[in-house]
Structure formats: structure tokens, C-alpha cells
Amino acid sequence: MTAVIDNGSGLFKAGWATDDAPIVMTDPTVNKLRDRHTAVNTVHVGYLGGQRARTPFDDGVVISSDLMETIFDYGFINLGATPDNLERVVLTEPATNPPLSRAIVQELMYEAYNVPELAIGVDGLLSLYRNAPNAFPATPTPNHMAVAVSVGHSSTTVIPVDPSGSPDFSAAQRLSVGWEKLHGYMQHLVQTKYWDFPHIFGFRDHEDFIRHHCYVAQSFPAELHRLLADPAADVVVQYPVTSTHTQAILERVTLTAEEQAKLAADRPKWIAELVSARAKLAEKANRQSAGSAARKKSETATRMRVMASLLDEDEEDTGKGRRRKRARATEDRFGDDTAGWQVYTSLSKDSPDDIDDDASAALARLDRLLAEYDPLRLHRVRDQTTVLHRLSRGAPIAPDTPDDERFLRAHQVRLNVERVRVPEALFHPSLVGVDEAGLQDLVLSAVQAAFSLDVRRAADPVVDAWRGAATAPVAYVSRAEYFEHGAGWFRDHRFGNPAEW
């Protein structure tokens, strides 16, 4: 049987060529754990939240044979591969993979696993074969050219395929923007937008946002305006809501008769009034604090000038006096003299705070009322006319909105402009801090002319490279040939990297 392994640096996939989909799909990371009670060491392959994982890849190429062997062990064990049923292995690699990286994989396959035959192909070309087999015709087709664009974990590659079906690696292009940078950009956008979200976003959350909800806009500015103006175009991701919420109240606030009447008549309206009153008091306190801080800063500067002038008094111009001046210049002896402390005490008295005590007490009382009657912050709606509120919370909330609906909205993530901003980093790499040309420029440079291209999106971008490897007519190298020619030797074929650079 033929085992097919898509050895990606972002996702490891393995299965049998006779299957329609890979059996093993996991992150190519290795976690070494130690049980505190039994002192037994264990190895875990795959994503393990909160752990310090190690990967055999660096910028998309294999650099660690030990970690790579651990991941291959995991794949073969889960496939149920044995020396009796493992006849061939088809392995994928990135475009322009260094010979040293390929030699590590060949050594593992031939010497550690005793694989009879091995074929290695480029993942982007194999995915192109899966989605457009006519890009590799048996006979040359005039005026027919294909371009394979592969968005990998750490980079994006563009490989042109000439009319004869042979890849032209001399014209291939590379962009230092891949899934890793797109994922980090999505994480940055979501965390900036929902800095006070009640849930903690995990690695898988941002991954799902990109895989299921992002798309490439035909016109990026026009699509941004459309998403901003149309709340119905938002993708709402609802996070789980706890059924109850309890909060310890150390001391309940005694309500006045007027407050009791407002609470009984219209609780949401009364809480909104509390929020408004607290905002006004907080603004007043901030203004007073800013003015007090500026005045104290000026007074402090004045005190320091007076103290410096007192400490720098000239002494008598004698030999003994000069020696004392040089000693004080190298040693700080402030405080040895009682008179110095008296000067410092008289100058360091803080002025009274300008914040009104009644306003401070009223602000503290409002905080306690809101903590007691609105612990979930359901009614503390900020300015609903801002663009940030529209993008993060949707349409404005009516004052009479029930608490249950407010609670649901507080646990929602609305994806709108992020859906096109993240993929746009491929065409404008400066969005993620990469000073390179965009993907559209790389494609034009690869084909060296403005051909009319038939753009096809992969039916399954995650698995199509594996499916292409399972069906493509690749060239195998036997174990005997490996030992005869050494590591790094292989046969040229349409779907592999060139033998010589």
C-alpha cells in the first residue's frame, strides 16, 4: 500500500492513497510532559494549549530530525503501517526546499522506517494537479499557462507552469506572508476590538475566524465601506453564556425613597441614569485630577530648584574648603545635617487635593449601586454613535432591551471588516509589517506578461495537496538507489523541485 504524507509546517496530514481523505491530521508540534506524581515522561504530538511546544520546522523547512521522527512515528502508528503493508511513501515538501532538509527526511524514511520506495513532490504543484489536471498536459498546449499559488504556514509561493506542463522554478516567486502572519493579524484585530470580552480567545478561535469567515474582496475600499454601513453583513459568533452570575456584596447600599420608586417602575431606565450620572462625576474628577497634577508638577520643580540652590552654597576659598567641596561632589551626604532635613520638610508639604470630597463620596456610592444592581455591566452602554461600537456591538441597543438579550450580545463576536482585512495582507504585506511586493505583483512577475488567467480556488485548500499526492504520477526512488547515490539524490519529475539549483 502507498502512504501519502503532506508534511506541512502548519498541519501534518497522513493517510493511504486509496482513501479519499487523510486519516491523521494534527499540528506538527511535540510536547514533552512529566507527571509530577509518578515522575514519568510522556510525549504528546499535536496542539496542547498552555504548553511550550517544539516544532521540527524553521521558516517552513525541516531542521530537526529527532522531532520530525517523533511526528512520523505518530503518523505511522495511527495509520497502522507495518513493514508488511508499507510499500511506498509519497511525501510533500515546500517549493525550493533546501537539499539538507530533504536529506533529513530521506534518511528517516530509508534508514529508520526501511521504506522500499519514496517520492517527494511540491505541495503547491500537487494541489494544482488535483484541481486542474489539464495544467500538466501530455503534449504541449500553445498559449496555455498555469500558475500555482500556495499559501503556506510561513510564506506564500508562486510557481508558473509552462505550456508543456513543466514548472519554471527560475521564475518562481516567494512572499514572506503566510498563515502564521495572517493568524497573528487576526488575533491583533480581535483583541484590540474586544479588549474587555468575558471569554479568553484561544489559538483555535482565530484559526476558525480565518478559515470559515474570511474572503478576498474584489475591491478592498468598496468592500470596507459596505461592511461598515451594513450591520446585516456581520458574521455573529455566539460564545456560551453562563446561566447564573453571583457576586459577593460586602455592604448593600441603602436606597432613598425616590430611588426605590424608580427601581420598581423602570429598572433599566434607572440604571441608565446611574451610568450617566457616574460618567459626569468621573469627567469632573478627571479634570480636577489633571489640574492638580499639573500644579503639583510645577510646585515640585520649584522645590527642587530651591533645594539645589541651598545645597550648592559656596564655601570659603581655602584648601580645606576645596577638599570638602570635592568630597561632597563625589559623596551624597544630604540628611546628615539637621538643618537640611528642616529645609526638606518645609518644602515637601503636599498641597490639599482639589477633588471635592462630596463628589468622591457620590462617585463611590454610584459604583456600589452599579455593582449591586448591574453586576454584569449589561446597561453600561458606551457612546453608540461611534464606529467602534458599530463594528463591535452592532446596531444601537434600545433602552428597553431585556437583560437576556443584552447578556447574549455581551458574549458575541461580530466579524465584519476583519473578514477582508486579514486576506488583504497577501496583496498589501505592509499591513503585517512586511516590506515586500504584493501577491498580484508576484504573479505578474512570474508569468512575465499580463496573460488572461483562469483563476481557480482549490476545492479544499487544506487537503488538496494530500489528495493530489495520492493520485499524481510521481517518480519514486528505491531504497537501493538511495544507498547507491546517497542522500539528496532523486529523480526529476513534473511535481518535484529541480535536482540542481
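S392 is found in helix α12, residues 387-393; helices here are DSSP runs of H or I with at least four residues, strands are runs of E with at least two, and both are numbered from the N terminus. The model is predicted, and local features need pLDDT of at least 70, side-chain atom pairs count only at pLDDT 80 or more, and totals for chains, interfaces and linings use all residues. Residues are numbered from 1 along each chain as its sequence is written, and side-chain values use heavy atoms, with hydrogens and water left out.

With a relative accessible area of 7%, S392 is buried (under 20%; over 50% is exposed and the range in between partly exposed, with a 1.4 Å probe and protein chains only). Its side chain reaches the backbone oxygen of L388 at 2.7 Å. Apart from neighbours within four places in sequence, S392 is in contact with K193, Y194 and R414, where contact means heavy atoms within 4.5 Å.

Attention now turns to the sheets. Six strands form an open sheet of mixed pairing, in the order β3-β2-β1-β8-β9-β15; two strands pair if DSSP finds at least two bridges between them. β3 (24-26) and β15 (477-478) each have a single partner strand, so one side of each is left without a neighbour in the sheet. Within this sheet, β8 (residues 88-93) and β9 (residues 117-122) pair in the parallel sense over six bridges, and R88 stands opposite E117 in β9. Helix α1 (residues 65-79) packs on the sheet, touching β1, β2, β3 and β8, and its direction makes about 35° with that of β2. Helix α16 (residues 464-471) also packs there, touching β1, β2 and β8, at about 145° to the direction of β1. Such angles run from 0 to 180 degrees between N-to-C directions, with axes fitted as lines to C-alpha atoms, for helices over the stretch in contact.

How do two helices meet? Two packed helices are described by the angle between their axes and the distance between the axes. Helix α3 (residues 123-131) packs against α16 at about 80°, with the axes 7 Å apart. α3 is therefore roughly perpendicular to α16 (65 to 115 degrees; under 35 is roughly parallel, over 145 roughly antiparallel and the rest oblique). Among the residues making the contact are L126 and R130 of α3 and A465 and R467 of α16.

α3 also lies across β10 and β11, running at about 120° to β10. These strands belong to an open antiparallel sheet in the order β10-β11-β12.

Technical notes:
A polar contact is a pair of N or O atoms within 3.5 Å; within protein, one must be able to donate a hydrogen and the other to accept it, and residues adjacent in sequence count only if both atoms are side-chain atoms.
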